[in-house]
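Student: Could we go through this model together, one question at a time? I would like each answer to show how it is reached.

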Amino acid sequence: MNTSSATPYGTLPPASPVAARKPNSLPRLQDMRERGEKITMLTAYDATFAAVADAAGIDCILVGDSLGMVCQGLPSTVGVSLETMRYHVESVVRGVQRVQGTTWIIGDLPFGSYHESREQALRSATVLMQAGAHMVKLEGGGWTTETVRFLVERGIPVCAHLGLTPQTVHALGGYRVQGRGDSAAKLRQDALALQDAGAAMLVLEMVPAALSAELTEALPRCHTIGIGAGKGTAGQVLVMHDMLGINLGKNPKFVRNFMTGQSSVLDAMGAYVRAVKDGSFPDNALHAW
């Protein structure tokens, strides 16, 4: 029996993880975590690529402020505005709704949109939630903990982000590995505090694989999503342009070009989903920071 799944963007092979899927939600993501199934996340910034990602079975789309670099050609994410993020979240939502409508959508709160006060963070998060996001993401630990608590208490799901935080790349001294040596204790402390504040997800970027795996075990209510952080996290995220091999610069060493050997973007995204789910991506040998 042919169990291939037809989509407006091509036909997925029988081995595709996409079957009759229900829309993702926090309880469904928690169920995946408890079953040991890896969570797949990919960035997308427009309707078409979001539709393809949804068709390919991506669990979560991050409408990241990385769009400043890959779409706008900016030198960093710092120049991205809240209005720009609202526009791209709306575009992604429309694309996902054109296909299965199953993907959990996360909108990045850009630099300066949540730093002034908790009330400013709430206003900014409201903009992205009303644009159709299911969750918002913010960067950093310590001072952000009470902001996370404030948002969660008001019914806004939050994804936190520790390790390399691109919005503060200048303060970090560049795109460098975080959480080595003495700084590991601070990262642990921040991660636990964010979970206690109600963060349901935590992106760990360029953090040593051993530390990421340790944090994943210590955070049963907060799903760790790694990027350059080894395979011990609850899930993985990549910038879409990186995993398709079409970025404007050099790929980080932990990125795999999933277009290699594939005939379409849909196939490449499907290969990414399968590789994350079966544990063949990422390669811990490339995360021995």
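Tutor: Keeping in mind that the model is predicted, let us start with strand β10, residues 235-238, which is covered on both faces. Gly235 and Val237 lie on one side and Gln236 and Leu238 on the other, and all of them are buried.

Student: In which closed arrangement does β10 take part, and how many strands does it have?

Tutor: In a regular strand the side chains alternate between the two faces of the sheet. As for the arrangement, the strands run in the order β3-β4-β5-β6-β7-β8-β9-β10 with parallel pairing. Neighbouring strands of this sheet are turned against each other by 25 degrees on average, with direction ignored. The arrangement is a closed barrel, and its number of strands is 8.

Student: Which residue of β10 is the bridge partner of Met41?

Tutor: Strands of a sheet pair through backbone hydrogen bonds, either parallel or antiparallel. Strand β3, residues 39-43, runs parallel to β10 and is joined to it by 4 bridges. Within β10, the partner of Met41 is Val237.

Student: Which residue of β10 stands opposite Ile225?

Tutor: Strand β9, residues 223-227, also runs parallel to β10, and 2 bridges join them. In β10, the residue that stands opposite Ile225 is Gly235.

Student: Is Cys222 buried or exposed, and what is its relative accessible area?

Tutor: The limit for a buried residue is under 20% relative accessible area. Cys71, at 42% relative accessibility, counts as partly exposed. Cys222, in turn, is buried, and its relative accessible area is 0%.

Student: How many residues of helix α2 are buried?

Tutor: Helix α2 spans residues 47-56, and at its start a side-chain oxygen of Asp46 reaches to within 3.4 Å of the backbone nitrogen of Thr48. Just after α2, Gly57 takes a positive phi of about 95 degrees. The buried residues of the helix are Ala50, Ala51, Val52, Ala53, Asp54, Ala55 and Ala56.

Student: What separates the C-alpha atoms of Gln120 and Thr147?

Tutor: Gln120 is found in helix α5, residues 118-130, and counts as buried at 12% relative accessibility. Leaving aside neighbours within four places in sequence, Gln120 is in contact with Gly112, Ser113, Tyr114 and His115. Gln120 and Thr147 are 27 residues apart along the chain, and their C-alpha atoms are separated by 9.7 Å.

Student: Leaving aside its neighbours within four places in sequence, with which residues is Asp190 in contact?

Tutor: Asp190 has its place in helix α8, residues 183-197. With a relative accessible area of 9%, Asp190 is buried. Beyond those sequence neighbours, its contacts are Gly141, Gly142 and Leu162.

Technical notes: Residues numbered from 1 in each chain as written. Predicted model: local features only at pLDDT ≥ 70, side-chain atom pairs only at ≥ 80, totals over all residues. Heavy atoms only, no water. Buried < 20%, exposed > 50% of the residue type's maximum accessible area, 1.4 Å probe, protein only. Contact = heavy atoms within 4.5 Å. Pairing = 2+ DSSP bridges. Axes fitted to C-alpha atoms, helices over the stretch in contact; angles between N-to-C directions. Polar contact = N/O pair within 3.5 Å; in protein donor to acceptor, adjacent residues only side chain to side chain.
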